Amino acid sequence: MTREITVVSGKGGTGKSSVTAAFARLAATSSRAAMICDLDVDAADLHLLLAPEVLATAPFSGGRVATLDSANCAACGVCEMRCRYGAVREDDDGFAIDAVSCEGCGVCTHFCPSGAIRMVPRVSGRWFRSRTTSGPMFHAELYPGEENSGKLVSLLREEARGASAAEGRELILADGPPGVGCPVISAITGSDMVVIVTEPTASGVHDLARIADLCGGLKVPAVVLVNKAGLDASMRLRVQEVCDARRLPVIGEIPFSTAVVAGLVRRVTLDRIAADGVAEAVTKAWHAVLFHLAHRLPVAEPKELQA
Ligand code: SF4
Ligand code: SF4
């Protein structure tokens with residue numbers, strides 16, 4: 001049976017993708033190479049660390065866009081009048097629809113007396129099946145300004161599940177989106193475990209509470225990994241308070257180290273950065289993740305549900 005681990009962070013910049021890349025390498029070196037999945041489709045960056053070789057690509061259509069057939073247009077102007085988004089424009093060549101401004105509501109098709117407008121799938125990005133030295137990888141690119149990243153996350157998860165089942169892989173390791181919005185819900189729902197990467201800062205503590213409560217609300221088992229430990233002792237205590245209040249286990253701490261930035265710039269993953277105990281800490285954390293996965297964690301309790 002394939003198990004799914006999703007690495008998330010309440011806020012961006014905590015080191016979620018760096019941790020995922022290190023976990024992927026550690027999984028591969030223990031001969032249990034995971035199916036790697038970059039679900040942070042709005043700002044995908046796992047490929048920067050894992051340097052995938054793309055094997056196949058496909059378009060992603062997350063919504064619809066109106067298209068106008070000028071040959072059938074009677075130039076009545078109704079569509080321009082009805083469109084609330086200003087997507088229909090008239091120029092010397094007649095009426096046309098600006099695909100960037102079109103929200104895909106379909107109102108113009110309803111009111112056009114000539115049937116000159118129809119809705120077509122909107123290509124919002126593309127997704128890839130690749131291979132890396134740490135295992136196969138599914139990832140995607142959402143075009144600038146495009147929406148429906150939650151749908152793209154679902155598509156990637158389904159593709160990864162199908163490929164894992166076909167290859168008999170035991171593990172899907174996903175780099176989830178930051179925040180607590182629709183893409184995150186799409187990424188963690190049904191996961192066997194969520195690893196929340198946080199940092200001892202005010203915003204880190206605040207967003208840790210939000211993502212922890214989301215996991216609890218969705219009944220997804222979660223553990224917490226503190227990155228950049230040592231940045232702020234008082235904030236580290238606050239991280240612990242947030243976790244204790246929700247009965248969330250803290251599985252480890254990766255020390256703050258300037259060697260991390262220097263290493264990541266050269267695509268050196270955390271598990272290979274020996275300085276300041278970084279590699280040792282992330283390796284211990286990976287073993288803790290596997291331990292908790294094997295022993296089926298209880299689900300964290302959202303704070304408001306506790307007595
Ligand atoms: S589909 Fe909606 S947003 Fe797009 S052009 Fe028609 S009315 Fe405007
Ligand atoms: S509503 Fe139809 S016929 Fe009228 S301008 Fe728009 S596309 Fe042309």
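Which domains does the domain assignment of the chain give?

1. The model discussed here is predicted. The assignment gives domain 1, made of residues 3-51 and 133-305, and domain 2, covering residues 62-123. Between the C-alpha centres of domain 1 and domain 2 the distance is 42 Å.

2. Helix α1 spans residues 16-29 and helix α10 spans residues 278-294. Their axes come within 10 Å and cross at roughly 70°. Angles of 65 to 115 degrees count as roughly perpendicular, and α1 and α10 are therefore described as roughly perpendicular to each other. On the α1 side the contact involves Val19, Ala22, Phe23 and Leu26, which meet Val282, Thr283 and Trp286 of α10. Six residues of this contact are nonpolar and one is polar, while none is charged.

3. Helix α7, residues 202-217, packs with helix α8, residues 233-246, at an angle of about 15°. The axes of α7 and α8 are 9 Å apart. An angle under 35 degrees counts as roughly parallel, and α7 and α8 are therefore roughly parallel to each other. The crossing of α7 past α8 is right-handed.

4. Which residues make the contact of α7 with α8? From α7 come Ala202, Val205, Leu208, Ala209, Ala212 and Gly216. From α8 come Met235, Arg238, Val239, Val242 and Arg246. By class, this contact has eight nonpolar residues, one polar residue and two charged residues.

Methods
Residues numbered from 1 in each chain as written. Chains lettered and ligands numbered in written order. Predicted model: local features only at pLDDT ≥ 70, side-chain atom pairs only at ≥ 80, totals over all residues. Axes fitted to C-alpha atoms, helices over the stretch in contact; angles between N-to-C directions. Helix = DSSP H or I, 4+ residues; strand = E, 2+ residues; numbered from the N terminus. Parallel < 35°, antiparallel > 145°, perpendicular 65-115°, else oblique. Left-handed = near helix turned anticlockwise from the far one by under 90°. Contact = placed C-beta atoms within 7 Å. Nonpolar A, V, L, I, M, F, W, Y, C, P; charged D, E, K, R; others polar. Domains from an automatic or database assignment.
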